[in-house]
Amino acid sequence: MLTKLIKHEFRATGRIMLPLYLVLLATAAGANFATRRMGDLGVLLVLIFALMILAVCVVSVVLMVQRFRQNLLGDEGYLMLTLPVSIHQHLWAKMMVSAVWFAARLLAMLAALLLLVWRPGNLEQISFAAQNVPLRLRDLRELQTLMLELLVLGFVACCTFCLQFYAAMAAGYSFSSHKAGWSVLFFFLFGTATSILTSLLEFDIEFERSGLAQVHQAMWIIIAGTAAVGAIHYLITAWFLKRRLNLA
Amino acid sequence: MPVLECTGLGKKYGRVNALEGLDLSIEPGRIVGLLGPNGSGKTTLIKLACGLLTPSAGQIRVCGQAPGPKACAQLSYLPERMAVQSWMTAGQLLDFYQDFYADFRRDAAQQMLADLGLDPKKKIQQMSKGSREKVQLILVMSRAAKLYLLDEPIGGVDPATRDYILSTIIGNYNPEAAVLISTHLIADVEKILDEAVFLKEGRVLLHSEVDALREEKGMSVDELFREVFRC
(Lines give C-alpha, C1' and ligand atoms only; values in the text may rest on other atoms or scores of the structure.)
Protein backbone atom coordinates (compact mmCIF):
# COMPACT_ATOMS: atom_id res chain seq x y z
CA MET A 1 0.00 0.00 0.00
CA LEU A 2 2.91 2.37 0.73
CA THR A 3 4.12 2.14 -2.88
CA LYS A 4 0.59 2.91 -4.13
CA LEU A 5 0.37 5.95 -1.84
CA ILE A 6 3.78 7.12 -3.08
CA LYS A 7 2.68 6.65 -6.69
CA HIS A 8 -0.43 8.78 -6.19
CA GLU A 9 1.51 11.39 -4.21
CA PHE A 10 4.00 11.73 -7.07
CA ARG A 11 1.11 12.03 -9.52
CA ALA A 12 -0.51 14.79 -7.42
CA THR A 13 2.70 16.77 -6.83
CA GLY A 14 4.46 16.07 -10.14
CA ARG A 15 1.84 17.97 -12.13
CA ILE A 16 3.03 21.13 -10.36
CA MET A 17 6.74 20.49 -9.70
CA LEU A 18 7.81 19.10 -13.07
CA PRO A 19 6.52 22.04 -15.17
CA LEU A 20 8.10 24.41 -12.63
CA TYR A 21 11.52 22.75 -13.02
CA LEU A 22 11.16 22.82 -16.79
CA VAL A 23 10.37 26.55 -16.71
CA LEU A 24 13.42 27.09 -14.45
CA LEU A 25 15.72 25.28 -16.92
CA ALA A 26 14.20 27.12 -19.87
CA THR A 27 14.71 30.47 -18.08
CA ALA A 28 18.36 29.55 -17.38
CA ALA A 29 18.92 28.64 -21.04
CA GLY A 30 17.20 31.87 -22.12
CA ALA A 31 19.29 33.96 -19.69
CA ASN A 32 22.48 32.29 -20.95
CA PHE A 33 21.61 33.09 -24.56
CA ALA A 34 20.50 36.63 -23.75
CA THR A 35 23.62 37.56 -21.69
CA ARG A 36 25.83 36.52 -24.62
CA ARG A 37 23.81 38.01 -27.46
CA MET A 38 21.28 40.58 -26.25
CA GLY A 39 23.01 42.98 -23.86
CA ASP A 40 20.56 44.72 -21.47
CA LEU A 41 17.81 42.18 -22.06
CA GLY A 42 20.23 39.59 -20.65
CA VAL A 43 20.24 41.39 -17.29
CA LEU A 44 16.45 41.25 -17.22
CA LEU A 45 16.44 37.53 -17.94
CA VAL A 46 19.04 36.88 -15.23
CA LEU A 47 16.73 38.74 -12.84
CA ILE A 48 13.81 36.54 -13.95
CA PHE A 49 16.04 33.50 -13.44
CA ALA A 50 16.80 34.61 -9.85
CA LEU A 51 13.07 35.03 -9.23
CA MET A 52 12.45 31.55 -10.64
CA ILE A 53 15.00 30.07 -8.21
CA LEU A 54 13.13 31.79 -5.38
CA ALA A 55 9.77 30.56 -6.74
CA VAL A 56 11.00 26.95 -6.93
CA CYS A 57 12.19 27.11 -3.30
CA VAL A 58 8.93 28.64 -2.05
CA VAL A 59 6.59 26.43 -4.11
CA SER A 60 8.23 23.17 -3.01
CA VAL A 61 7.75 24.08 0.68
CA VAL A 62 4.22 25.46 0.16
CA LEU A 63 3.25 22.33 -1.78
CA MET A 64 4.57 20.07 0.99
CA VAL A 65 2.51 21.98 3.58
CA GLN A 66 -0.56 22.26 1.35
CA ARG A 67 -0.62 18.55 0.42
CA PHE A 68 -0.61 17.53 4.08
CA ARG A 69 -3.25 20.09 5.06
CA GLN A 70 -5.60 19.50 2.16
CA ASN A 71 -5.10 15.78 1.67
CA LEU A 72 -5.23 14.63 5.29
CA LEU A 73 -6.71 17.44 7.37
CA GLY A 74 -9.14 18.95 4.84
CA ASP A 75 -12.17 17.48 3.07
CA GLU A 76 -9.97 15.03 1.15
CA GLY A 77 -9.10 13.49 4.53
CA TYR A 78 -12.56 11.86 4.58
CA LEU A 79 -11.43 9.70 1.67
CA MET A 80 -7.71 9.39 2.38
CA LEU A 81 -8.06 8.48 6.06
CA THR A 82 -10.66 5.81 5.33
CA LEU A 83 -8.41 4.00 2.85
CA PRO A 84 -7.19 0.62 4.14
CA VAL A 85 -3.86 2.27 4.97
CA SER A 86 -2.26 3.10 8.32
CA ILE A 87 -1.41 6.61 9.49
CA HIS A 88 2.28 5.63 9.42
CA GLN A 89 2.06 4.73 5.73
CA HIS A 90 0.41 8.08 4.99
CA LEU A 91 3.17 9.93 6.84
CA TRP A 92 6.02 8.01 5.21
CA ALA A 93 4.54 8.45 1.74
CA LYS A 94 4.23 12.21 2.22
CA MET A 95 7.73 12.55 3.73
CA MET A 96 9.48 10.42 1.13
CA VAL A 97 7.85 12.19 -1.82
CA SER A 98 8.65 15.61 -0.32
CA ALA A 99 12.28 14.53 0.26
CA VAL A 100 12.54 13.44 -3.39
CA TRP A 101 11.17 16.80 -4.58
CA PHE A 102 13.60 18.68 -2.31
CA ALA A 103 16.48 16.65 -3.78
CA ALA A 104 15.13 17.23 -7.28
CA ARG A 105 14.95 20.94 -6.50
CA LEU A 106 18.65 20.95 -5.62
CA LEU A 107 19.55 19.09 -8.82
CA ALA A 108 17.33 21.33 -10.95
CA MET A 109 18.92 24.44 -9.42
CA LEU A 110 22.45 23.10 -10.03
CA ALA A 111 21.54 22.17 -13.60
CA ALA A 112 20.00 25.61 -14.12
CA LEU A 113 23.10 27.39 -12.76
CA LEU A 114 25.30 25.30 -15.05
CA LEU A 115 23.06 26.19 -17.97
CA LEU A 116 23.26 29.87 -17.03
CA VAL A 117 27.07 30.08 -16.93
CA TRP A 118 27.77 27.60 -19.74
CA ARG A 119 30.02 28.86 -22.51
CA PRO A 120 31.32 27.09 -25.62
CA GLY A 121 34.60 25.31 -24.79
CA ASN A 122 33.60 24.52 -21.17
CA LEU A 123 33.37 20.81 -21.93
CA GLU A 124 37.05 20.60 -22.93
CA GLN A 125 38.09 22.51 -19.79
CA ILE A 126 36.09 20.14 -17.51
CA SER A 127 37.50 17.08 -19.24
CA PHE A 128 41.08 18.46 -18.85
CA ALA A 129 40.53 19.23 -15.16
CA ALA A 130 39.04 15.79 -14.47
CA GLN A 131 42.09 14.07 -16.01
CA ASN A 132 44.57 16.14 -14.03
CA VAL A 133 43.10 15.98 -10.52
CA PRO A 134 45.43 13.75 -8.47
CA LEU A 135 42.83 11.52 -6.79
CA ARG A 136 44.11 8.44 -4.98
CA LEU A 137 41.94 5.34 -4.44
CA ARG A 138 41.82 5.97 -0.68
CA ASP A 139 40.62 9.53 -1.27
CA LEU A 140 37.92 8.21 -3.57
CA ARG A 141 36.63 5.81 -0.90
CA GLU A 142 36.62 8.59 1.70
CA LEU A 143 34.75 10.79 -0.75
CA GLN A 144 32.19 8.06 -1.39
CA THR A 145 31.65 7.55 2.37
CA LEU A 146 31.26 11.29 2.87
CA MET A 147 28.79 11.49 -0.02
CA LEU A 148 26.78 8.63 1.50
CA GLU A 149 26.73 10.38 4.88
CA LEU A 150 25.63 13.62 3.25
CA LEU A 151 22.88 11.74 1.43
CA VAL A 152 21.62 10.17 4.68
CA LEU A 153 21.82 13.53 6.43
CA GLY A 154 19.95 15.18 3.55
CA PHE A 155 17.14 12.62 3.71
CA VAL A 156 16.84 12.74 7.51
CA ALA A 157 16.94 16.57 7.49
CA CYS A 158 14.24 16.75 4.79
CA CYS A 159 11.98 14.37 6.74
CA THR A 160 12.54 16.30 9.99
CA PHE A 161 11.85 19.59 8.20
CA CYS A 162 8.52 18.20 6.88
CA LEU A 163 7.62 16.69 10.26
CA GLN A 164 8.03 20.04 12.02
CA PHE A 165 5.24 21.40 9.80
CA TYR A 166 3.16 18.20 10.00
CA ALA A 167 3.25 18.10 13.82
CA ALA A 168 2.23 21.76 14.11
CA MET A 169 -0.65 21.29 11.64
CA ALA A 170 -1.83 18.00 13.17
CA ALA A 171 -1.98 19.73 16.58
CA GLY A 172 -3.52 22.96 15.25
CA TYR A 173 -6.18 21.22 13.20
CA SER A 174 -7.38 19.24 16.22
CA PHE A 175 -9.17 22.40 17.33
CA SER A 176 -12.65 23.25 16.09
CA SER A 177 -11.89 26.80 14.99
CA HIS A 178 -8.91 29.02 14.09
CA LYS A 179 -7.11 25.89 12.92
CA ALA A 180 -4.49 27.76 10.86
CA GLY A 181 -3.78 30.15 13.72
CA TRP A 182 -3.30 27.29 16.18
CA SER A 183 -0.99 25.58 13.68
CA VAL A 184 1.26 28.64 13.46
CA LEU A 185 1.30 28.90 17.24
CA PHE A 186 2.21 25.21 17.61
CA PHE A 187 4.93 25.57 14.97
CA PHE A 188 6.69 28.20 17.05
CA LEU A 189 5.92 26.37 20.29
CA PHE A 190 7.45 23.10 19.07
CA GLY A 191 10.39 25.02 17.54
CA THR A 192 11.10 26.78 20.83
CA ALA A 193 10.76 23.51 22.80
CA THR A 194 13.20 21.81 20.41
CA SER A 195 15.72 24.65 20.80
CA ILE A 196 15.48 24.56 24.59
CA LEU A 197 15.79 20.77 24.64
CA THR A 198 18.81 20.69 22.36
CA SER A 199 20.55 23.44 24.32
CA LEU A 200 19.96 21.47 27.55
CA LEU A 201 21.40 18.35 25.98
CA GLU A 202 24.52 20.08 24.68
CA PHE A 203 27.62 18.22 25.73
CA ASP A 204 31.28 18.15 24.80
CA ILE A 205 32.21 15.29 22.55
CA GLU A 206 35.70 13.95 22.80
CA PHE A 207 36.72 12.65 19.44
CA GLU A 208 38.79 9.49 19.60
CA ARG A 209 40.15 9.88 16.11
CA SER A 210 41.62 12.66 14.07
CA GLY A 211 41.35 14.01 10.53
CA LEU A 212 38.64 12.56 8.26
CA ALA A 213 37.62 9.93 10.82
CA GLN A 214 36.62 12.79 13.09
CA VAL A 215 34.52 14.30 10.30
CA HIS A 216 32.68 10.98 9.82
CA GLN A 217 32.05 10.70 13.57
CA ALA A 218 30.68 14.26 13.66
CA MET A 219 28.45 13.54 10.65
CA TRP A 220 26.81 10.56 12.36
CA ILE A 221 26.25 12.54 15.55
CA ILE A 222 24.50 15.27 13.53
CA ILE A 223 22.42 12.64 11.69
CA ALA A 224 21.39 10.98 14.99
CA GLY A 225 20.48 14.35 16.56
CA THR A 226 18.39 15.40 13.55
CA ALA A 227 16.68 11.99 13.47
CA ALA A 228 15.83 12.28 17.18
CA VAL A 229 14.14 15.67 16.61
CA GLY A 230 12.28 14.17 13.63
CA ALA A 231 11.18 11.13 15.67
CA ILE A 232 9.64 13.33 18.39
CA HIS A 233 7.71 15.35 15.77
CA TYR A 234 6.67 12.11 14.05
CA LEU A 235 5.20 10.73 17.30
CA ILE A 236 3.32 13.98 17.93
CA THR A 237 1.90 13.96 14.38
CA ALA A 238 0.84 10.31 14.51
CA TRP A 239 -0.77 10.75 17.93
CA PHE A 240 -2.85 13.75 16.86
CA LEU A 241 -3.93 12.08 13.61
CA LYS A 242 -4.94 8.91 15.42
CA ARG A 243 -6.45 10.26 18.62
CA ARG A 244 -7.42 13.89 18.06
CA LEU A 245 -8.48 14.02 14.41
CA ASN A 246 -11.08 16.73 13.91
CA LEU A 247 -11.95 17.04 10.23
CA ALA A 248 -13.92 20.13 9.35
CA MET B 1 -21.94 -11.91 13.01
CA PRO B 2 -23.18 -8.28 12.93
CA VAL B 3 -21.46 -6.05 10.36
CA LEU B 4 -21.73 -3.12 12.74
CA GLU B 5 -21.85 -3.45 16.50
CA CYS B 6 -21.78 -0.66 19.08
CA THR B 7 -21.62 -1.35 22.79
CA GLY B 8 -22.04 1.47 25.31
CA LEU B 9 -20.62 3.81 22.67
CA GLY B 10 -19.99 7.38 23.74
CA LYS B 11 -18.40 10.43 22.17
CA LYS B 12 -17.82 13.76 23.84
CA TYR B 13 -16.84 17.03 22.18
CA GLY B 14 -15.48 18.95 25.13
CA ARG B 15 -18.35 18.84 27.63
CA VAL B 16 -21.01 18.06 25.05
CA ASN B 17 -22.14 14.46 24.66
CA ALA B 18 -22.62 13.74 20.95
CA LEU B 19 -23.27 10.06 21.66
CA GLU B 20 -23.99 8.45 25.00
CA GLY B 21 -24.26 4.76 25.93
CA LEU B 22 -25.29 3.80 22.41
CA ASP B 23 -25.98 0.12 21.78
CA LEU B 24 -26.68 -0.88 18.20
CA SER B 25 -26.29 -4.00 16.13
CA ILE B 26 -26.75 -4.23 12.36
CA GLU B 27 -26.93 -7.60 10.69
CA PRO B 28 -25.86 -8.34 7.10
CA GLY B 29 -28.46 -8.18 4.31
CA ARG B 30 -30.27 -5.17 5.80
CA ILE B 31 -30.82 -1.64 4.55
CA VAL B 32 -31.04 0.56 7.61
CA GLY B 33 -32.10 4.20 7.84
CA LEU B 34 -30.22 6.22 10.46
CA LEU B 35 -32.71 8.99 11.18
CA GLY B 36 -32.65 11.93 13.52
CA PRO B 37 -32.68 15.72 13.66
CA ASN B 38 -29.55 17.83 13.25
CA GLY B 39 -27.08 17.24 16.07
CA SER B 40 -28.57 13.88 17.04
CA GLY B 41 -25.22 12.10 16.45
CA LYS B 42 -25.77 10.44 13.04
CA THR B 43 -22.55 11.72 11.42
CA THR B 44 -20.60 11.17 14.63
CA LEU B 45 -21.67 7.51 14.68
CA ILE B 46 -20.61 7.04 11.05
CA LYS B 47 -17.28 8.79 11.63
CA LEU B 48 -16.61 6.55 14.64
CA ALA B 49 -17.26 3.46 12.50
CA CYS B 50 -14.78 4.74 9.90
CA GLY B 51 -12.12 5.51 12.49
CA LEU B 52 -12.24 9.26 11.79
CA LEU B 53 -13.08 9.82 15.45
CA THR B 54 -12.01 7.99 18.59
CA PRO B 55 -14.76 6.94 21.05
CA SER B 56 -14.78 8.53 24.50
CA ALA B 57 -16.46 5.40 25.91
CA GLY B 58 -17.54 1.93 24.84
CA GLN B 59 -16.57 0.24 21.63
CA ILE B 60 -17.53 -0.05 18.00
CA ARG B 61 -16.75 -2.95 15.65
CA VAL B 62 -17.05 -3.34 11.90
CA CYS B 63 -17.24 -7.01 10.85
CA GLY B 64 -15.69 -7.87 14.21
CA GLN B 65 -12.76 -5.48 13.70
CA ALA B 66 -11.95 -2.35 15.66
CA PRO B 67 -11.83 0.76 13.39
CA GLY B 68 -8.60 0.85 11.41
CA PRO B 69 -7.15 -0.22 8.04
CA LYS B 70 -8.63 -3.77 8.26
CA ALA B 71 -12.11 -2.44 9.04
CA CYS B 72 -11.77 0.20 6.28
CA ALA B 73 -11.10 -2.59 3.76
CA GLN B 74 -14.56 -3.98 4.59
CA LEU B 75 -16.59 -0.77 4.61
CA SER B 76 -17.46 1.71 1.90
CA TYR B 77 -18.04 5.23 3.15
CA LEU B 78 -19.78 8.13 1.47
CA PRO B 79 -19.07 11.34 3.40
CA GLU B 80 -21.47 14.26 3.29
CA ARG B 81 -18.70 16.40 1.76
CA MET B 82 -16.82 16.17 -1.53
CA ALA B 83 -13.74 14.20 -0.56
CA VAL B 84 -12.30 13.23 -3.94
CA GLN B 85 -9.35 15.19 -5.32
CA SER B 86 -10.84 17.72 -7.70
CA TRP B 87 -7.83 17.89 -10.07
CA MET B 88 -8.40 14.24 -11.01
CA THR B 89 -10.65 13.01 -13.80
CA ALA B 90 -13.41 10.49 -13.09
CA GLY B 91 -11.30 7.88 -14.89
CA GLN B 92 -8.27 8.61 -12.69
CA LEU B 93 -10.49 8.21 -9.65
CA LEU B 94 -11.47 4.74 -10.86
CA ASP B 95 -7.72 3.91 -11.08
CA PHE B 96 -7.28 5.28 -7.56
CA TYR B 97 -10.08 3.13 -6.11
CA GLN B 98 -8.89 0.06 -8.04
CA ASP B 99 -5.41 0.51 -6.56
CA PHE B 100 -6.55 0.65 -2.96
CA TYR B 101 -9.63 -1.58 -2.82
CA ALA B 102 -9.42 -5.23 -3.83
CA ASP B 103 -13.25 -5.38 -3.98
CA PHE B 104 -13.63 -2.46 -6.42
CA ARG B 105 -15.73 -3.42 -9.49
CA ARG B 106 -14.42 -1.20 -12.25
CA ASP B 107 -16.88 -2.49 -14.86
CA ALA B 108 -19.84 -1.62 -12.61
CA ALA B 109 -18.41 1.87 -12.03
CA GLN B 110 -17.89 2.45 -15.76
CA GLN B 111 -21.45 1.28 -16.45
CA MET B 112 -22.87 3.67 -13.85
CA LEU B 113 -20.81 6.58 -15.23
CA ALA B 114 -22.23 5.83 -18.69
CA ASP B 115 -25.80 5.47 -17.34
CA LEU B 116 -25.59 8.91 -15.76
CA GLY B 117 -23.89 10.48 -18.79
CA LEU B 118 -20.68 11.33 -16.94
CA ASP B 119 -17.50 11.69 -19.01
CA PRO B 120 -14.61 9.70 -17.47
CA LYS B 121 -12.11 12.10 -19.08
CA LYS B 122 -13.60 15.18 -17.48
CA LYS B 123 -11.92 16.65 -14.39
CA ILE B 124 -13.98 16.71 -11.20
CA GLN B 125 -13.42 20.48 -10.83
CA GLN B 126 -15.01 21.02 -14.25
CA MET B 127 -18.19 19.14 -13.27
CA SER B 128 -21.34 20.59 -11.70
CA LYS B 129 -21.95 20.03 -7.97
CA GLY B 130 -24.55 17.35 -8.71
CA SER B 131 -22.25 15.50 -11.13
CA ARG B 132 -19.43 15.51 -8.57
CA GLU B 133 -21.73 13.97 -5.99
CA LYS B 134 -22.81 11.33 -8.49
CA VAL B 135 -19.18 10.39 -9.21
CA GLN B 136 -18.46 10.06 -5.51
CA LEU B 137 -21.52 7.89 -4.97
CA ILE B 138 -20.63 5.70 -7.97
CA LEU B 139 -17.15 5.07 -6.51
CA VAL B 140 -18.61 4.10 -3.14
CA MET B 141 -21.35 1.86 -4.54
CA SER B 142 -18.99 0.12 -6.98
CA ARG B 143 -17.25 -1.69 -4.17
CA ALA B 144 -18.34 -5.14 -3.01
CA ALA B 145 -18.04 -4.08 0.64
CA LYS B 146 -19.61 -5.67 3.73
CA LEU B 147 -20.92 -2.39 5.09
CA TYR B 148 -21.93 0.76 3.22
CA LEU B 149 -22.07 3.90 5.30
CA LEU B 150 -23.88 6.60 3.34
CA ASP B 151 -24.03 10.03 4.94
CA GLU B 152 -26.73 12.09 3.18
CA PRO B 153 -26.36 10.28 -0.18
CA ILE B 154 -29.31 11.93 -1.93
CA GLY B 155 -29.21 15.40 -0.44
CA GLY B 156 -27.71 17.27 -3.38
CA VAL B 157 -29.10 15.49 -6.43
CA ASP B 158 -32.21 15.95 -8.56
CA PRO B 159 -35.26 13.63 -8.09
CA ALA B 160 -34.48 11.56 -11.22
CA THR B 161 -30.93 10.87 -10.04
CA ARG B 162 -32.31 10.23 -6.56
CA ASP B 163 -34.41 7.38 -7.98
CA TYR B 164 -31.37 6.05 -9.88
CA ILE B 165 -29.29 6.09 -6.68
CA LEU B 166 -31.97 4.30 -4.68
CA SER B 167 -32.40 1.67 -7.39
CA THR B 168 -28.59 1.26 -7.43
CA ILE B 169 -28.62 0.64 -3.68
CA ILE B 170 -31.34 -2.01 -4.08
CA GLY B 171 -29.68 -3.45 -7.21
CA ASN B 172 -26.47 -3.76 -5.25
CA TYR B 173 -28.20 -5.95 -2.68
CA ASN B 174 -25.92 -8.57 -1.22
CA PRO B 175 -27.12 -10.88 1.59
CA GLU B 176 -23.70 -10.53 3.21
CA ALA B 177 -23.66 -6.73 3.18
CA ALA B 178 -25.60 -4.05 5.05
CA VAL B 179 -26.31 -0.46 4.07
CA LEU B 180 -26.63 2.28 6.67
CA ILE B 181 -28.17 5.46 5.25
CA SER B 182 -28.18 8.68 7.21
CA THR B 183 -30.65 11.18 5.76
CA HIS B 184 -33.27 13.84 6.36
CA LEU B 185 -35.17 12.89 3.19
CA ILE B 186 -37.07 10.07 4.87
CA ALA B 187 -40.01 9.99 2.46
CA ASP B 188 -37.63 9.28 -0.43
CA VAL B 189 -35.65 6.47 1.20
CA GLU B 190 -38.47 4.91 3.21
CA LYS B 191 -39.50 2.58 0.41
CA ILE B 192 -36.12 0.83 0.35
CA LEU B 193 -35.52 0.56 4.10
CA ASP B 194 -35.70 -2.71 6.05
CA GLU B 195 -35.04 -1.11 9.42
CA ALA B 196 -35.13 2.36 10.92
CA VAL B 197 -33.01 3.70 13.77
CA PHE B 198 -34.16 6.96 15.39
CA LEU B 199 -31.39 8.85 17.13
CA LYS B 200 -32.12 11.60 19.65
CA GLU B 201 -29.45 13.49 21.56
CA GLY B 202 -26.90 10.75 21.02
CA ARG B 203 -29.09 7.87 22.10
CA VAL B 204 -31.10 5.25 20.21
CA LEU B 205 -34.73 6.25 20.65
CA LEU B 206 -36.12 3.48 18.48
CA HIS B 207 -34.75 0.60 16.41
CA SER B 208 -37.30 -1.47 14.55
CA GLU B 209 -38.27 -3.20 11.31
CA VAL B 210 -39.92 -0.64 9.04
CA ASP B 211 -42.91 -2.90 8.20
CA ALA B 212 -43.52 -3.66 11.87
CA LEU B 213 -43.28 0.02 12.68
CA ARG B 214 -45.87 0.98 10.06
CA GLU B 215 -48.22 -1.77 11.24
CA GLU B 216 -47.80 -0.96 14.92
CA LYS B 217 -48.03 2.84 14.65
CA GLY B 218 -50.41 3.00 11.69
CA MET B 219 -48.33 5.63 9.91
CA SER B 220 -45.34 5.93 7.61
CA VAL B 221 -41.80 6.31 9.00
CA ASP B 222 -41.77 9.87 7.68
CA GLU B 223 -44.99 10.70 9.57
CA LEU B 224 -43.69 9.02 12.70
CA PHE B 225 -40.43 10.97 12.48
CA ARG B 226 -42.34 14.26 12.21
CA GLU B 227 -44.42 13.31 15.23
CA VAL B 228 -41.51 12.15 17.40
CA PHE B 229 -39.23 15.08 16.58
CA ARG B 230 -41.91 17.80 16.43
CA CYS B 231 -40.38 21.14 17.46
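So, a cavity here is a set of grid points where a 1.4 Å probe fits but cannot get out. Keep that in mind for what follows. What you see above is a predicted model, and a search of the whole structure turns up six cavities of 30 Å³ or more. The largest cavity comes to about 100 Å³ in volume.

Who lines that one? There are 13 lining residues, and A:Thr13, A:Leu63, A:Met64, A:Ser98 and A:Trp101 lie nearest the centre. The elements giving two or more residues to this lining are α1 (2-37), α2 and α4 (87-117) of chain A. Of these, α4(A) gives the most, with five residues. By class, the lining has seven nonpolar, three polar and three charged residues.

Okay, on to the aromatics. Over all chains we count 20 aromatic pairs. Take A:Phe68 with A:Tyr166: that pair is stacked, 4.2 Å centre to centre with 15° between the planes. A:Phe68 lies in helix α2 (residues 40-73) and A:Tyr166 in helix α6 (residues 137-172), both of chain A, so the pair ties together parts that are 98 residues apart in sequence. A:Phe68 counts as buried, at 0% relative accessibility, and A:Tyr166 is buried at 0% too.

Over in chain B, the rings of B:Tyr97 and B:Phe104 have centres 5.6 Å apart and planes at 50°, so that pair is tilted. Both of those residues are buried.

Back in chain A, ring pairs link A:Phe102, A:Phe161, A:Phe165, A:Phe187 and A:Phe188 into a cluster.

Key. Residues are numbered from 1 along each chain as its sequence is written. Chains are lettered from A and ligands numbered from 1 in the order in which they are written. This is a predicted model: local features need pLDDT of at least 70, side-chain atom pairs count only at pLDDT 80 or more; totals for chains, interfaces and linings use all residues. Side-chain values use heavy atoms; hydrogens and water are left out. Rings of Phe, Tyr and Trp (its six-membered ring) pair if their centres lie within 6.5 Å; planes under 30 degrees apart count as stacked, over 60 as edge-to-face and the rest as tilted. Helices (H or I, at least four residues) and strands (E, at least two) are DSSP runs, numbered from the N terminus. Buried means under 20% relative accessible area, exposed over 50%, partly exposed in between (1.4 Å probe, protein chains only). On a 1 Å grid over the protein atoms alone, a cavity is a set of points where a 1.4 Å probe fits but cannot get out, and a pocket is an open set with protein on both sides within 12 Å along at least five of seven lines; lining residues have an atom within 4 Å of a point. Grid points are joined across faces, edges and corners, and a volume is the space filled by probe spheres set on the points. Ala, Val, Leu, Ile, Met, Phe, Trp, Tyr, Cys and Pro count as nonpolar, Asp, Glu, Lys and Arg as charged, and the others, Gly among them, as polar.
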